[in-house]
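Subject: Handing over the structure

Hello,

Here is the structure I promised to pass on to you. Have a look at it first, and then read on for what I found in it.

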Amino acid sequence: ATITPIPSPPGLPIVGNATQIDPVAQRRSFSDFADKYGEIYRLHLPGQRTLVMANSHRLINELCDEKRFAKIPNGVLEEIRNGVHDGLFTAKPGEEAWGIAHRVLMPAYVLHVLFYPAMFSGEVSIRGMFEEMHDIATQMALKFARYGPSTPIPASDDFTRLALDTLALCSMGFRFNSFYTKELHPMIEAMGGFLTESGKRPSRVLPSFFYRADDAKYWQDIEILRNTAQEVLESRKKHPDDRKDLLNAMLKGVDPKTGKHMSDSSIIDNLITFLIAGHETTSGTLSFAFYRLLKNPESYQKVQNEVDEVIGKGPITVEHLSKLPYITAVLRETLRLDSPISVFGVVSLEDQLLAGRYPVTKDEPMALFLARAHLDPAVWGDDANDFKPERMLDEPFNKLPKNAWKPFGNGARACIGRPFAMQEAILAMAVLFQNFNFVMHDPTYNLAIKQTLTIKPDNFLMRAIIRDGMS
Ligand code: HEM
């Protein structure tokens, strides 16, 4: 192949392409560039920075090679790092606290503990969290029932309550009670503020003087987050219990490699990290899944049938969850079309060629743009844009080309919460379909995206009509 320079949209002096990227709809801007420039292009950003966007499966496949590329937190992740330091999500390569936390927590997060018999303490497993997940999912169903059949339900808001309350309960035995209170818990409020500001900080253009009030609030929110997590930690240390949650896993776990325990500060970093990494992602997934199902009545009917056949009207048990292949496929297909994290980043470890022809330089940041790569017709065919859960049933799914489906990230830095999120989402769908029929509040609604750190359907309202005999 011949060396091909990576195309770049023409930009302005100094700020480069920055003004062409919509700060509240970056995904759209990146996608528009992809329409024009194809599988790869390079953006120029203020401060001589560049960002190479990869939009096809063959390029993503290369960027997933951890010998050639590594995750280094920059941009928004660097801002989040101010609050949670070398916690799992925001750690730099090689940081010791990442390694210890990763090895201590991996077994807890693994659904099939078979692979980790030596490390697995037998204490904490995602399966073991079923009862508490079920508790919160039931609270949501009761709220849906109380809305009544004609009240529009802001799906994303309630799925966010579900995700936050489930995480806080399963990770540290803490109840936000979001379904019972109008005001959000101060920790949730602070997290919202912290994340919003983290999203804005990288694109600041004025001298720092202008941001004094924003900065004060930002650091105050971080303090609230850390103080709350610290109180939870102290209280657990003072009154130890044998709850099988992530806090106990972190307190008791010993890193098999170094023999070390996680430090208090690392435990606090990661308690907050779980809330950050796990709430919008899971809630976005559920919101998009309902949107897609309401737009695709055949798939909707298949979900309904599966729940009725496998679970019926009786109580849902943990055993049911692995017997719902269609719901699992619906979630996988949703994560393909609407990856809540639609882009994640790596940097090049050396000067090298991508696809044997596009030169990139050492340390250059690159983005795996899932919103496009997940639609690559080379993998998904001509109907790549359509919602077809059938292609995500185990049989085709397990034979997908390598790195074709990356909603949970890659390699050592892939999502540690994947089994947690899948169990929670499958359970929520099962509980809701067992008890309700759903309709789109406005049948003419078409998907609009709201972007913060993650993406969600904007203004998506549905209604829930109780099926006979709620269980
Ligand atoms: C990492 C997606 C749920 C905790 C990641 C990454 C992605 C992702 C794409 C990699 C980010 C990067 O490379 O920069 C998702 C999706 C979820 C989900 C789509 C839901 C459907 C969760 C949950 C938790 C969680 C529920 C916590 C219980 C984490 C952590 C990391 C991570 C700690 C960092 C792992 C590391 O680098 O060691 N997630 N996530 N995630 N996620 Fe998730």
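Strands here are DSSP runs of E with at least two residues, helices are runs of H or I with at least four residues, and both are numbered from the N terminus. Two strands pair if DSSP finds at least two bridges between them.

Before going further, please keep in mind that this is a predicted model: local features need pLDDT of at least 70, side-chain atom pairs count only at pLDDT 80 or more, and totals for chains, interfaces and linings use all residues. Residues are numbered from 1 along each chain as its sequence is written.

That strand pair belongs to an open sheet of five strands, in the order 1-2-8-5-3, with mixed pairing. Strand 1 (40-45) and strand 3 (69-70) are at the edges with a single partner strand each, so one side of each has no neighbour in the sheet.

Stepping back, the protein chain has 17 helices and 12 strands. Its C-alpha atoms fill a box of roughly 65 × 55 × 50 Å along the principal axes.

Now to the ligand. Of the 24 residues around it, Gly278, Thr281, Gly409, Cys415 and Gly417 come nearest; a residue counts as near if its C-beta atom, placed from the backbone, lies within 6 Å. Helix 10 (264-295) and helix 17 (418-435) each supply at least two residues of this shell, and helix 10 gives the most, with seven residues.

Cys415 is found in the loop between helix 16 (394-398) and helix 17. With 19 other C-beta atoms within 10 Å, Cys415 is partly exposed. Leaving aside neighbours within four places in sequence, Cys415 is in contact (C-beta atoms, placed from the backbone, within 7 Å) with Phe408 and Gly409.

Enjoy exploring it!

Best wishes

Conventions. A residue is buried if 20 or more other C-beta atoms lie within 10 Å of its own, exposed if 12 or fewer, and partly exposed in between; C-beta atoms are placed from the backbone. Two residues are in contact if their C-beta atoms, placed from the backbone, lie within 7 Å.
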